[in-house]
Amino acid sequence: MAVLNIIKLIFVTGVISGIFTELTAGQNCGCAANECCSEFGFCGPAGDPAYCGSGCREGPCTPPTDVNVADIVTPEFFNGILNQGDCPGKNFYSRGAFLDALSSYDRFGRAGTQDDSKREIAAFFAHASHETERFCFTEEKDGATKNYCNETDIQYPCAPGKLYYGRGPLQLTWNYNYGPAGQENNFDGLNNPEIVANDPAVSFRTALWYWMRSVHKIITSGQGFGATIQAINGALECGNPAESGKVDSRVNYYTNYCTQLGVAPGDNLRC
């Protein structure tokens, strides 16, 4: 996600802006007893994952499994990821900050079977490891020289003098991501984007915010790790021979972490 692709630009400015417009319009569901209120504020039938699954607000929501993510992301697993070099992220990212952020996203790693949980966790940390070089960096290299302001987004307008380059475990970029990520996590993402690289818990919360909205349903529906690459940086990396090394990096991290967690990585590893 170091450089968000054009597809993501179109998707987020169009679809996500539409989503938040819908959210405003339908946020007080008042659904019938046998209906769920979806994460976007709409009523739907019980059992329908679009309404009762991830993000369900009220009604007969599908509960997350009883998997304890902390038992999978052990100190040994997390600390084994950390880059041991002299890097800015060495004393920034921590398992404690991850678990703190996890309390805001209790469905992460808790969909499907125990193996499904392990694959989602391995996928998340694989992408984070690639984006930050194993939690070595809190900010995108040379990010300040790049323009991640979409001036056409009137819902989340860029603040004067603020830069929305990659920060955090998944390198959150663009004003249209900083804005809603901040809204959901109680910080001003447009006027204070720097907090994503200054507060470890906020940093992980923004990564989980992005993951739960753009990747969670992909990995938990069995589409495979390759589809998560497509969701995060597909237009730049997928099908581009010049960027095949980045795909290799993501896949290698994923298969390595799956091995550590004792789970088969599944099919469709590449994009």
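Modeller: A disulfide is a pair of cysteine sulfur atoms within 2.5 Å. This is a predicted model, in which local features need pLDDT of at least 70, side-chain atom pairs count only at pLDDT 80 or more, and totals for chains, interfaces and linings use all residues. Residues are numbered from 1 along each chain as its sequence is written, and side-chain values use heavy atoms, with hydrogens and water left out.

Biologist: How many disulfides does the structure hold?

Modeller: A disulfide is a covalent bond between the sulfur atoms of two cysteines. One of them joins Cys87 to Cys136, with an S to S distance of 2.4 Å. The number of disulfides in the structure is five.

Biologist: Is the disulfide of Cys31 and Cys43 left-handed or right-handed?

Modeller: The sulfur atoms of Cys31 and Cys43 lie 2.2 Å apart. The torsion about their S-S bond is about -95°, so this disulfide is left-handed.

Biologist: In which strand is Cys43?

Modeller: Helices (H or I, at least four residues) and strands (E, at least two) are DSSP runs, numbered from the N terminus. Cys31 is in the loop between helix 1 (6–26) and strand 1 (35–37). Its partner, 12 residues apart, is in strand 2 (residues 43–45).

Biologist: Is Cys31 buried or exposed?

Modeller: Buried means under 20% relative accessible area, exposed over 50%, and partly exposed in between (1.4 Å probe, protein chains only). Cys43, at 32%, is partly exposed. Because its relative accessibility is 19%, Cys31 counts as buried.

Biologist: Is the link of Cys149 and Cys158 left-handed or right-handed?

Modeller: The sulfur atoms of Cys149 and Cys158 are 2.0 Å apart. With 115° about the S-S bond, their link is right-handed.
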